[in-house]
Amino acid sequence: MAMQPVKKKKCLSSLPQEIIELILVRLPVSDLLGCRVVCKQWGGIIRDPQFTMAHLRRARPRPLLFFQRGRASRKSCPSEAVLLDEAWSPSTRDVPVIEPDDFLCASCNGLVCLYSDKSTIKIANLATGESMHLAKPVECSTDDHPSFYSFGFSPVTNEYKIVHFLPGEERHHVGGSFSVIQVYTLGDEKWRVVRTEQALSLLYLKQSGVVNADGAIYWLTKDQESSWGRAVVSFDLTDERQKLIRLPQVDFADPAFGNPLCRITEIDSEVSVAAVQTRRDSGLAGRLHVWTLDNKEQSWTQKYGIELSALAIPGPHFIYGDKIVMHNGNGGIYCHELTSQRFTIDVTTLVKLLDSSPRWSGNMQSYMYVKSLVRLDAYKKAGIVRTRKRKEGWKLKKWEAWEHVHSEIQELWRSSHRMQQRMHDSPRRRRLNWVEQWRVMEMLESHWDSLDAPSKVRCGGLL
């Protein structure tokens with residue numbers, strides 16, 4: 001039989017760029033960072049600002065738990081962040097851009113604003129490791145505090161802005177007041193001043209925090225006419241104008257519960273207020289009311305009424321999708337499904353997320369965070385940017401390893417001291433013990449040389 005000619009199969013030399021974009025936009029940030037170097041075409045797609053925003057719109061916010069520095073069980077604990085993944089498991093990776101002395105002020109589009117006692121404010125992308133330091137406002141109070149800073153994004157102008165509430169010298173409110181808001185737009189050369197219509201309370205701002213949503217930032221201020229004792233202030237990041245928003249009239253009178261403790265939060269990109277009432281007999285958290293603002297109608301709707309069963313909620317965010325995050329004050333951090341608009345927390349169905357002990361979980365902050373590709377290099381030419389060494393992205397946690405080395409150094413120091421004491425008590429053993437002491441000192445020097453400069457400073461302060 002005559003052989004039939006083999007037909008050549010047609011193969012695509014490359015996929016259309018639209019198809020490549022549809023595939024890439026579904027990948028996580030960690031994979032996209034590696035895909036940038038596959039070829040020039042892929043690198044150009046992934047670095048395109050429009051692709052970055054398209055990828056950001058698909059991202060689902062995750063809880064970012066932040067533990068600020070402090071002392072617990074006679075130990076110095078550094079600032080640390082823990083990201084809960086899609087399975088609600090704690091991350092096993094740390095972020096070097098968050099330093100031991102940093103305080104987290106805000107999170108927006110994968111960027112975080114970090115405050116420290118230094119002369120700079122830091123903006124960082126935790127997923128890529130990119131960060132930049134910005135000079136704080138020249139006019140800055142000696143009573144400056146991390147809660148006086150916030151950070152947000154205007155979708156109208158595509159601008160990121162840092163906001164600083166400048167404490168005033170006058171005392172219009174208990175705990176201080178402010179009538180000046182300092183604003184910095186990423187990429188600009190200097191901070192600008194925006195004055196408020198009246199002096200606003202700093203105490204309520206520190207207590208309830210600040211959230212950003214839909215191109216504005218929101219916080220609570222005093223309002224004696226409201227049953228909450230509070231009102232919401234909005235600051236539009238586009239036109240930089242403030243607006244007072246009254247809270248709904250709610251009857252909190254109940255002989256079994258005390259006055260409500262109010263805080264501002266965000267649920268499903270909507271500004272919300274939460275009121276927690278503690279039980280008079282035990283002082284423990286008991287009842288949670290959550291109301292959500294419809295910005296278009298400027299009306300409030302009660303979203304949840306929850307009996308907390310003596311658990312407490314973190315701030316500023318505590319509701320993520322269909323789950324609520326809580327803590328018991330002893331280090332235990334839990335989540336529970338939002339089964340309905342009104343229900344009682346069943347402690348038998350709580351899911352434990354992690355144990356923060358020896359840290360006090362009451363100092364924990366919870367923020368909505370998305371891993372994103374938002375880049376900072378376009379803003380780094382501004383005059384107020386301060387150059388710092390670039391650090392890599394997510395790495396395995398180093399603090400446990402540092403603690404291990406630190407404990408070994410402490411034990412070696414104690415061993416050396418004991419040998420010196422024995423030598424002093426027994427002169428006959430001096431020559432033999434000098435050999436052992438020399439070995440211990442060599443081990444000490446080896447461990448000491450393996451530490452970086454900041455770790456040596458912390459070691460020296462703790463030994």
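This is a predicted model: local features need pLDDT of at least 70, side-chain atom pairs count only at pLDDT 80 or more; totals for chains, interfaces and linings use all residues.
Strand β7 (residues 111-115) runs antiparallel to strand β8 (residues 120-125), and five bridges join them. Strands here are DSSP runs of E with at least two residues, helices are runs of H or I with at least four, and both are numbered from the N terminus. Two strands pair if DSSP finds at least two bridges between them.

Numbering starts from 1 along each chain as its sequence is written, and side-chain values use heavy atoms, with hydrogens and water left out.

Back to the strands: there is an open sheet of five, in the order β6-β7-β8-β9-β29, with antiparallel pairing. At its edges stand β6 (103-108) and β29 (385-386); each has a single partner strand, so one side of each has no neighbour in the sheet.

Now for the rings. The structure holds eight aromatic pairs. Rings of Phe, Tyr and Trp (its six-membered ring) pair if their centres lie within 6.5 Å; planes under 30 degrees apart count as stacked, over 60 as edge-to-face and the rest as tilted. Here are two of the pairs:

| Pair | Type | Centre to centre | Between planes |
|---|---|---|---|
| Phe 153 and Tyr 160 | tilted | 4.6 Å | 40° |
| Tyr 184 and Trp 191 | tilted | 5.7 Å | 40° |

Buried means under 20% relative accessible area, exposed means over 50%, and partly exposed is in between (1.4 Å probe, protein chains only). Phe 153 is buried at 13%, and Tyr 160 is buried at 4%. Tyr 184 is buried too, at 0%, and Trp 191 is buried at 14%. Ring pairs also tie Phe 151, Phe 153 and Tyr 160 into a cluster.

A charge sits over a ring if NZ of Lys or CZ of Arg is within 6 Å of the ring centre and within 35 degrees of the ring normal. Arg 62 has its charged end over the ring of Trp 88, 5.0 Å from the centre. Likewise, the charged end of Arg 230 sits over the ring of Tyr 204, 3.9 Å from its centre.

One more stop: Leu 15. This residue lies in the segment before α1 (17-24) and is partly exposed, with 41% relative accessibility.
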